[in-house]
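Subject: Structure for you to look over

Hello,

Here is the structure I said I would pass on. Please open it alongside the notes.

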Amino acid sequence: MLMTTLAMESETIAGAGRIEEATQEAVPAPLQSKLSIKSVDFFYDKFQALYDVSLEIPKGQVTALIGPSGCGKSTLLRCLNRMNDLVPEARLEGEILFNGKDLYAPEIDVVDVRRQIGMVFQKPNPFPKSIYENIAYAPRIHGVVRSRSEMDGLIEACLKRVGLWDEVSDRLDQPGTSLSGGQQQRLCIARTIAVEPEVLLMDEPCSALDPIATARVEDLIAELKEDFTVVIVTHNMQQATRVSDRTAFFLLGKIIEFGDTSNLFSNPENQETEDYISGRFG
Amino acid sequence: MNEPAREHILTSFEDALRDSRSSVLRMASVAQQNLEHAVSGLLTRNIELCNEAIAADDEVNAFEKAIDRDGMEILMRFSPVATDLRHVLAAMKIANNLERISDEAEGIARRARKIAKYPQIPETAMMEPLYGMASALFSDGIRAYAELDVDLGLSLNERDEKLDKAHSKTIKELTRAMERDTKNLKVYLHLIFVVRCFERIGDHAVNIGEESVFVESATDIRHIGAEALKEGALGVSP
């Protein structure tokens with residue numbers, strides 16, 4: 001399947017190839033690619049973290065990146081909104097296309113990239129400001145809204161979108177840090193979507209949350225994919241099966257297998273994938 | 001996926017899967033013995049053997065419940081995926097088929113006890129070749145599971161069709177014999193039901209073979225027929 005993926009057209013991904021072979025049923029319409037990762041090598045100074053990674057991230061779907069610690073999945077995630085630009089001596093070779101345009105072209109505005117490709121981190125990191133200001137900050141600096149009433153409407157819409165409005169509507173002036181861990185993470189998601197990005201990158205967004213907060217965030221991811229393309233790094237295999245449409249398995253900086261999540265977890269093509277997902281590594 | 005699988009890091013998971021598989025094989029052994037006792041009891045008019053087959057069905061029932069319970073425990077505790085998940089699902093489904101086979105053996109034993117009360121008729125010997133076919137199918141179904149032999153699993157459907165034909169032929173012959181020998185109607189009727197038991201055992205053996213193919217190749221070959229399998233349906237070679 002990896003080879004199939006590599007051979008795909010840059011703008012489209014043929015969907016569910018094995019289903020077609022197995023049942024001869026109608027072939028789903030090709031998926032539009034939101035991010036195209038083409039033969040990417042990535043280095044932290046002399047250390048190579050990614051080797052010839054090629055991946056098509058389909059629009060409007062959740063793509064999970066899985067693999068053991070140090071396999072390069074978070075590095076790849078950070079490459080997708082140029083967060084690694086902040087790392088000294090880091091360099092990327094190859095190409096990442098966002099909506100068909102080179103994300104690393106000299107004329108690209110990095111700030112604008114991070115507005116369009118937002119990120120949610122492992123540990124909830126609200127600003128040391130009020131709940132309201134946490135969400136208002138980015139739309140204000142990006143000039144997304146012009147008036148206070150427009151901003152109020154945006155804050156309410158974002159908080160409703162992440163299911164937080166009913167819980168915090170009467171205390172918007174209180175610090176974001178006063179919320180529970182799960183609420184803080186949803187606040188961070190609300191903050192990210194306030195500038196209307198096209199892609200949400202999530203780096204183990206539930207690893208610091210309890211099962212109830214985790215379920216709320218997972219439920220939210222399922223809703224968000226209607227409007228956003230989501231790429232999620234997770235160590236939780238069950239979470240990957242629950243929330244993602246496609247999964248990529250990484251090992252030692254290389255992509256080992258990429259495909260439909262259901263297929264990858266029920267009948268992986270690669271023995272290393274099978275060993276990892278079924279707990280036979282070591 | 002032909003390389004030997006590495007062991008799980010979690011030894012309790014490895015042990016649980018091994019135990020589940022071992023239980024299925026032990027259950028198959030008991031069910032097979034019940035069938036042998038029932039048919040020997042029928043052919044030799046041995047009531048003791050029939051009683052053993054009937055009594056031992058409880059052991060098979062207990063195995064089925066234990067395998068289901070252990071399967072649920074594995075699903076709950078270890079959330080298996082890929083081959084492991086197929087192993088757990090197959091163990092539970094094969095256990096169900098083994099329980100049904102043992103029920104058929106019990107049915108044969110109960111009819112054998114009744115038949116033994118009547119004078120012996122030569123048509124009883126017609127059960128032997130049918131038993132041979134059903135028993136061989138059953139053994140090979142279990143062997144396909146034990147050795148994860150896809151080719152053997154795939155071959156059972158076609159062989160079961162031969163058993164089905166033999167079953168229809170034998171029923172016709174028994175029906176004709178009933179018309180000739182009206183005083184032994186009850187014995188013939190019992191034998192017709194025994195023939196049906198063999199036919200069902202063949203079906204269960206095919207199911208076991210199909211589950212074995214599913215475990216090893218992740219291909220669902222149920223309900224596609226021997227002809228389609230011969231033509232290499234779903235990319236699995238017969």
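The notes below cover confidence, the strands of chain A, the helices of chain B and a few single residues.

This is a predicted model, in which local features need pLDDT of at least 70 and side-chain atom pairs count only at pLDDT 80 or more, while totals for chains, interfaces and linings use all residues. Residues are numbered from 1 along each chain as its sequence is written, with chains lettered from A and ligands numbered from 1 in the order in which they are written.

Confidence

The model has an ipTM of 0.79 and a pTM of 0.83. For chain B the mean pLDDT (the predictor's confidence in each residue, from 0 to 100) is 93, and 93% of the residues of chain B reach 70 or more.

Chain A

Element names follow DSSP runs, numbered from the N terminus: helices are H or I runs of at least four residues, strands are E runs of at least two. Two strands count as paired if DSSP finds at least two bridges between them.

Strand E2 (residues 31–44) of chain A pairs in the antiparallel sense with strand E3 (residues 47–58) of chain A, over eight bridges. E2(A) also pairs with strand E5 (residues 90–98) of chain A, again antiparallel and over eight bridges. A:Ser36 has a bridge partner in each: A:Glu56 in E3(A) and A:Leu97 in E5(A). The hairpin of E2(A) and E3(A) has two residues between the strands, and A:Asp45 there takes a positive phi near 60°.

A:Ser39, in strand E2 of chain A, has a positive phi near 45° although the residue is not glycine. Most residues other than glycine have a negative phi. A:Ser39 counts as exposed, with 12 C-beta neighbours inside 10 Å. The cut-offs, counting other C-beta atoms within 10 Å of a residue's own, are 20 or more for buried, 12 or fewer for exposed and anything in between for partly exposed; C-beta atoms are placed from the backbone.

Chain A also has an open sheet of six strands with mixed pairing, in the order E7-E8-E9-E4-E10-E11. Strands E7 (117–120) and E11 (254–260) are at the edges with a single partner strand each, so one side of each has no neighbour in the sheet. On average, neighbouring strands of this sheet are turned by 15° against each other, direction ignored. Strand E10 (residues 246–251) of chain A pairs with E11(A) in the antiparallel sense over six bridges, and A:Phe250 has A:Ile255 as its bridge partner in E11(A).

Chain B

Helix H5 (residues 150–180) and helix H6 (residues 185–217) of chain B pack at about 170°, with axes 9 Å apart. Axes are lines fitted to C-alpha atoms, for helices over the stretch in contact, and angles run from 0 to 180 degrees between N-to-C directions. H5(B) is therefore roughly antiparallel to H6(B) (over 145 degrees; under 35 is roughly parallel, 65 to 115 roughly perpendicular and the rest oblique).

Of the 33 residues of H6(B), 25 are buried, so this helix is largely enclosed by the rest of the structure. After H6(B) comes B:Ala218, with a positive phi near 60°.

B:Leu148, in the loop between helix H4 (127–147) and H5 of chain B, also has a positive phi, near 45°. B:Leu148 is partly exposed, with 17 other C-beta atoms within 10 Å.

Regards
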